[in-house]
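Student: How should I go about reading a model like this one? I would like to take one feature at a time.

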Amino acid sequence: MMELIAQNMAPIMFVSLVVFLLAGYPVAFSLAANGLLFFIFGVWLAPLSEGTITLDWPLLYALPERFWGVMQNETLLAIPFFTFMGIVLERSGMAEDLLETIGQLFGPVRGGLAYAVIIVGALLAATTGVVAASVIAMGLISLPIMLRYGYDRRLASGVIAASGTLAQIIPPSLVLIILADQLGRSVGDMYKGAMIPGLVLTGLYMSYVFLVTMFRPNWAPALPKEARTLGSGVTSLMVSLLIAGVMGYLIIKALLPRYGEGADIIGASIAIIAIYVAALLDRALNLNWMSKLCSQVIIVLIPPLALIFLVLGTIYLGIATPTEGGAMGAVGSLILAGVKGRLSLSVIQQALASTTRLSAFVMFILLGARVFSLTFYGVQGHLWVEHLLTAMPGGQLGFLIGVSILVFLLAFFLDFFELAFILVPLLAPVADKMGIDLIWFGVILGVNMQTSFMHPPFGFSLFYLRSVAPKEPFIDKVTGKLTAAVKTSQIYWGAVPFVVIQVVMIGLVIAFPQMVMHYKGAVVDTSHVTFTAPNSGLGGLGGLGGLDGGLGTGLGGPATPAAPAAPAPLNNDLLSQPPSFDTTKPVAPAP
């Protein structure tokens with residue numbers, strides 16, 4: 001019996017960890033306690049394991065070095081920077097301004113508020129990267145408006161909860177930073193690989209809303225005319241964008257000979273700054289060059305877009321590392337909050353406190369994971385996982401489908417931090433051994449882990465929305481009518497279609513890996529590359545002109561007549577020997 005336990009220590013250890021977590025113990029302490037407990041058992045049972053267990057007491061001396069390796073990891077510095085940036089932006093009222101403006105822009109369209117929530121969710125994901133901040137902000141601001149104008153509660157709840165989870169997959173996502181660290185890959189490459197899948201997922205959300213408006217138009221009505229406080233003015237906006245585009249194109253053409261590829265960024269930046277200054281002057285001086293809607297859209301949208309470029313653009317262009325980009329984003333968020341008059345000592349204190357809590361949470365989980373992995377590898381757990389997964393039918397495709405199903409099911413009970421720190425270190429070596437690109441694998445896992453926020457009944461995004469959705473009937477501030485509460489069952493049923501969309505997205509990323517693989521850049525076509533070997537004999541050396549028709553023959557050109565000097569006699573025996581750097585003269589061979 002003891003021999004059987006010793007030889008199957010790895011699966012017993014993994015199941016015990018799941019039991020610890022389901023019992024409600026903190027993740028970090030569950031990992032560390034599980035690792036230390038099974039280390040003791042492993043040392044005791046090692047003589048009975050027939051070489052399966054390689055644990056011994058001196059191995060514990062490796063723990064301080066493993067802890068120090070975690071604390072030296074500079075990649076993890078990006079987590080507090082992006083967390084601080086997101087919390088400051090959430091406190092600055094940027095989400096409120098974006099939702100109001102884009103809601104007015106799409107107001108005349110059926111489902112316009114739902115489209116606005118999805119677009120703002122994508123923008124907040126690209127600036128804050130924090131799911132809780134996005135869901136809570138949009139729940140507080142947009143849910144009462146959607147209920148006021150007759151939106152179906154299931155659709156409204158699902159759109160808000162799903163749009164908030166875009167912060168999981170659209171850079172600068174915290175989960176992408178952790179996945180890149182666990183997979184041993186560049187955060188910049190992970191960001192590049194995840195951008196297109198994130199945008200495609202945003203498009204799928206909007207497509208679902210469009211289908212709802214086609215078959216259930218009463219679920220998502222357009223805003224009534226009296227609610228469009230900014231009026232019309234889409235034509236003015238299109239004309240302004242066209243003028244900015246032409247200006248940018250002309251500037252790029254003028255700067256191209258001098259700055260090369262950098263002319264694109266300079267020209268686009270000048271055009272954007274010009275249209276932004278024009279909108280500010282139009283509003284300040286009452287020039288009325290632009291419609292009210294046009295100037296509002298430009299003034300509200302350009303600052304967060306500029307912050308997105310400051311953070312992600314510099315990372316993609318190789319100007320800054322993710323840590324440096326996060327630092328610039330944190331400074332940029334303080335500037336935006338200051339410009340809006342929302343920056344105060346209280347806001348900074350709240351942002352610092354939340355950032356410290358999250359950073360300490362991540363650090364303790366990492367330290368616990370190091371204790372767990374030390375024991376798990378000592379009981380040959382990595383080999384058990386490898387044999388278990390490589391035995392799945394279907395090769396790479398079967399492996400990816402099996403892992404996706406496993407992560408999807410575990411996401412019902414574990415959040416993305418737990419999945420990233422427990423599962424990814426076990427799965428990554430197997431994927432790498434099977435020849436799967438780890439950035440592609442990481443994006444698949446990232447999209448899959450996103451479902452952990454949407455799974456009824458344990459999805460955190462649903463909990464965040466439940467905390468701010470009205471639980472009792474209330475009097476609407478604008479209409480004065482009694483509005484019914486939002487039921488928990490409506491939130492859960494509203495999330496189901498979006499969970500299905502996320503599953504479809506996982507299949508798309510697996511089926512079309514080029515959505516991710518573009519991070520490698522353009523593939524070099526070597527079919528037209530020719531290699532010319534030097535000519536046989538000494539003529540190919542090209543520098544010994546007197547040996548084979550001069551220098552021109554050595555380069556393949558026409559031979560030039562050599563000087564009439566008689567060439568020195570050659571010793572073929574010496575030329576056939578390998579080169580020697582000895583300073584002594586070689587001995588001549590016997591005649």
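**Reading the helices and the burial**

Tutor: Let's begin with a pair of helices: H8 crosses H22 in a right-handed sense. A crossing is right-handed if the near helix is turned clockwise from the far one by less than a right angle, and left-handed if anticlockwise. Before we go on, this is a predicted model, where local features need pLDDT of at least 70 and side-chain atom pairs count only at pLDDT 80 or more, while totals for chains, interfaces and linings use all residues. Residues are numbered from 1 along each chain as its sequence is written, and side-chain values use heavy atoms, with hydrogens and water left out.

Student: At what angle do H8 and H22 pack, and how far apart are their axes?

Tutor: Two packed helices are described by the angle between their axes and the distance between the axes. Here helix H8 (residues 131-148) and helix H22 (residues 460-468) pack at about 35°, and their axes are 9 Å apart. Axes are lines fitted to C-alpha atoms, for helices over the stretch in contact, and angles run from 0 to 180 degrees between N-to-C directions.

Student: Which residues of H8 and H22 make the contact?

Tutor: Contact means heavy atoms within 4.5 Å. From H8 come Val 131, Ala 132, Val 135, Ile 136, Gly 139, Leu 140 and Leu 143, and from H22 Ser 461, Tyr 464, Leu 465 and Val 468. By class they are nine nonpolar, two polar and no charged (nonpolar: Ala, Val, Leu, Ile, Met, Phe, Trp, Tyr, Cys and Pro; charged: Asp, Glu, Lys and Arg; polar: the others, Gly among them).

Student: And how do H11 and H14 lie relative to each other?

Tutor: Helix H11 (residues 187-215) and helix H14 (residues 292-316) meet at about 110°, with axes 9 Å apart, so they are roughly perpendicular (65 to 115 degrees; under 35 is roughly parallel, over 145 roughly antiparallel and the rest oblique). Gly 188, Tyr 191, Lys 192 and Met 195 in H11 face Leu 312, Ile 315 and Tyr 316 in H14. That contact has five nonpolar, one polar and one charged residues.

Student: How many helices and strands does the chain have?

Tutor: There are 26 helices and two strands. Both are DSSP runs numbered from the N terminus: helices are H or I, at least four residues, and strands are E, at least two.

Student: What share of the residues is buried?

Tutor: Buried residues are 47% of the 591 in the chain. Buried means under 20% relative accessible area, exposed over 50%, and partly exposed in between (1.4 Å probe, protein chains only). Take Ser 333 in helix H15 (residues 322-339): its relative accessible area is 0%, so it is buried. Leaving out residues up to four places away in sequence, Ser 333 touches Met 85, Val 88, Leu 89 and Leu 307.

Student: Is Asn 286 buried or exposed?

Tutor: Asn 286 is exposed, at 60% relative accessible area. It sits in the loop between helix H13 (262-285) and H14.

Student: Where is the cis peptide bond?

Tutor: Look between Pro 171 and Pro 172, where omega is about 5°. Pro 172 belongs to the loop between helix H9 (153-164) and helix H10 (174-183).
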